[in-house]
Amino acid sequence: RCYILSNENGKIQLSLRQSRLNPKSNSKVEDVEITCINEVKKDQLVRGYVKSITPSGVFFGLSTSVLGRILFQNVSPYFVQKHSLYEKYLPEGKLLTAKVLGVNGKGKHVELSLLPEDTGLPSILPESLGLPRYDAEEEKKEADDEEKRENLKMKTKRKRGNSEREQVGMSLIAFKIHPGCFPPPSTHFPLLQEVKRKKRKICSADENDSGIEVYYREEDDDDEQEEDAANKKSKIRKPGEAPRLQVSTAFTWDEDMDAMNIPVLNQKEESSENEEEEDPQSKLKKQTKKEKELEKQKKEKELCRLEAALMDPNRQPQSADDFDRLVLSSPNSSILWLQYMAFHLQATEIEKARAVAERALKTICFREEQEKLNVWVALLNLENMYGTEETLMKVFERAVQYNEPLKVFQHLCDIYANSEKYKQAEELYHTMLKRFRQEKSVWLKYASFLLKQGQIDATHRLLERALKALPTKEHVDVISRFAQLEFRFGDSGHAKALFESTLSSYPKRTDIWSIYMDIMIKHGSQKEVRDVFERVIHLSLAPKKMKFFFKRYLDYEKKFGTTESVLAVKRAALEYVETKSSLAET
């Protein structure tokens, strides 16, 4: 049942909504039908279908009359350069949930969003694609801007510090002149008072000396001891010798006076630089404290999204890590291991696919013989497609050692036949006929292979060889199976002759009669089918078996015959019952 919405220009629009089909039912409507744009409200969650993908965005059908648009920045939090990626994950007709960002009633525009923070659902594009995020670029820009601002602040501070140091340096260039010429420097530089008092003790004996004494602060006690020793030597002078100039550092004539105040200012410069380095660090610490909560919330949202995606039972594995988790949970499942191999083969990672197969053979329990065999067959297929004949034979020899040889031979024959390597397949069948002469399935598979290749005469010769090699009790079954293969792929006339000769030799084999009936119903004419049924119902078989054949004959006539033919079958059955009862009485 369906509801006709409109019939215009030869196009009929239908609806399967339960609210349309059963308007009187009081069942809750999950998605309310939207008939006009006025029914769409801002911040509303709506469901609809993807209509098309254009350069301006994704068009989203809310109903037959209302169409919305989703800008690409509102489709996913990831930045996508190639729009063909959207076509892969947003096929036309896909059902999705979106949030209404805005409604323009005049222009009849509806702006929608598929972002996880708007819909509360996982992103349309998986994280495993490795696409860049929009918010990551914004954060990078903000960090760059912040770094530029910090660099500007550092430069202004350094300029200010350099100007202050120049002023202090100019004031200290005057050195320490003899105390008799100028007032003590403590009045001008109280910070250096203690240092200069100590130095005054050294030069107290040289009141009439007009030389210049240059001093600077020393951090190590060893330097002070060296100074004391030098001063003691300067005090002991020969008579009549002129006083010498006392300088605590090496005197260089090439440098100007600014170079001489560097030792005095070392400590101050280091302290100011340390303060400047500490300021941005403290600011960074303050910034990280402010951003801690935002980062924590982002991490929690990301974890919730990942957990929801992992818990989804319909989620398909999309990375090697996903497959690793699956095979860890179900290590004996050959299907998962084969899917893992196919995942690597799709990316043309042949060596990784081989490694997965070897890992599966080591991991699967030895009791799971069929599961291991499935992996061996997959590895044979892999080597047949991407390897060489040598690598294929090595894997084949290993598979024969660890599995039933006959099954491995048969699977490799199928692989050769499916890949159209008929010569290799025929050679392998000849090897199998020598090694497994007593196996009926080998002869039948080779007969099927020959008939598919159109080698009917070779199939007839193969039947003669099979009857000679196999025991007598298998002959009837083998002839029947060869006849069935002839009906499917070869000569139907020769197949009928095989069945007729077998049934004439073994008329009471009801299983062969039943197979012959089924094949004739499928491939023969109605006259041929009725002839077979007439022959069967006149056989002298057990009553139960005769009842089975009469019932089949009656069902066939009811389906393909007339009322007269149905009555004829019923009369024949009644006559058989009467003759049997009369024989029982006598």
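Are Phe-533 and Tyr-556 buried or exposed? Both of them are buried, where buried stands for a relative accessible area under 20%, exposed for over 50% and partly exposed for what lies in between, with a 1.4 Å probe and protein chains only. Before I go on, let me say that this is a predicted model, in which local features need pLDDT of at least 70 and side-chain atom pairs count only at pLDDT 80 or more, whereas totals for chains, interfaces and linings use all residues. Residues are numbered from 1 along each chain as its sequence is written, and side-chain values use heavy atoms, with hydrogens and water left out.

Let me start with the aromatic rings. The structure holds 17 aromatic pairs, a pair being two rings of Phe, Tyr or Trp (for Trp, its six-membered ring) with centres within 6.5 Å, called stacked if the planes are under 30 degrees apart, edge-to-face if over 60, and tilted for the rest. One of them is the stacked pair of Tyr-446 and Phe-449, at 6.4 Å centre to centre and with 20° between the planes. These two residues, Tyr-446 and Phe-449, sit three residues apart in helix α15 (residues 440-452), so about one helical turn separates them; helices here are DSSP runs of H or I with at least four residues, strands are runs of E with at least two, and both are numbered from the N terminus. In general, an α-helix has 3.6 residues a turn, so residues three or four places apart point the same way. Tyr-446 is buried at a relative accessible area of 4%, and Phe-449 is buried as well, at 5%.

The rings of Phe-533 and Tyr-556, with which I opened, have centres 5.9 Å apart and planes at 35°, and the pair therefore counts as tilted. This pair links distant parts of the chain, given that Phe-533 belongs to helix α20 (residues 526-537) and Tyr-556 to helix α21 (residues 543-560), 23 residues apart.

Next, the cores. A nonpolar core is a set of buried Ala, Val, Leu, Ile, Met, Phe, Trp, Tyr and Cys residues joined through side-chain atoms within 4.5 Å. The largest has 85 residues, and Met-432 and Leu-462 are those with the most contacts inside it. Setting aside residues up to four places away in sequence, Met-432 touches Leu-406, Phe-409, Gln-410, Cys-413, Arg-437 and Val-442, contact meaning heavy atoms within 4.5 Å. Another core, of 25 residues, lies apart from it and has Ile-37, Phe-60, Val-110 and Leu-112 among its members.

Now to the strands. Lys-51, in strand β3 (residues 45-54), is partly exposed at a relative accessible area of 42%. Beyond its neighbours within four places in sequence, Lys-51 is in contact with Phe-59, Phe-60, Gly-61, Leu-67 and Glu-92. Gln-13, in strand β2 (residues 11-15), is likewise partly exposed, at 38%, and its contacts outside four places in sequence are Tyr-3, Ile-4, Leu-5, Ser-6 and Thr-64.

I will finish with helix α8 (residues 320-329), in which Asp-322, Phe-323 and Val-327 are buried. Around the axis they cover an arc of only 125°, which puts them on the same side of α8, the arc being that of the directions from the helix axis to the C-beta atoms. The face turned away from this buried side carries the exposed residues Asp-321, Leu-328 and Ser-329, while what covers the buried residues of α8 includes α9 (334-346) and α10 (350-363).
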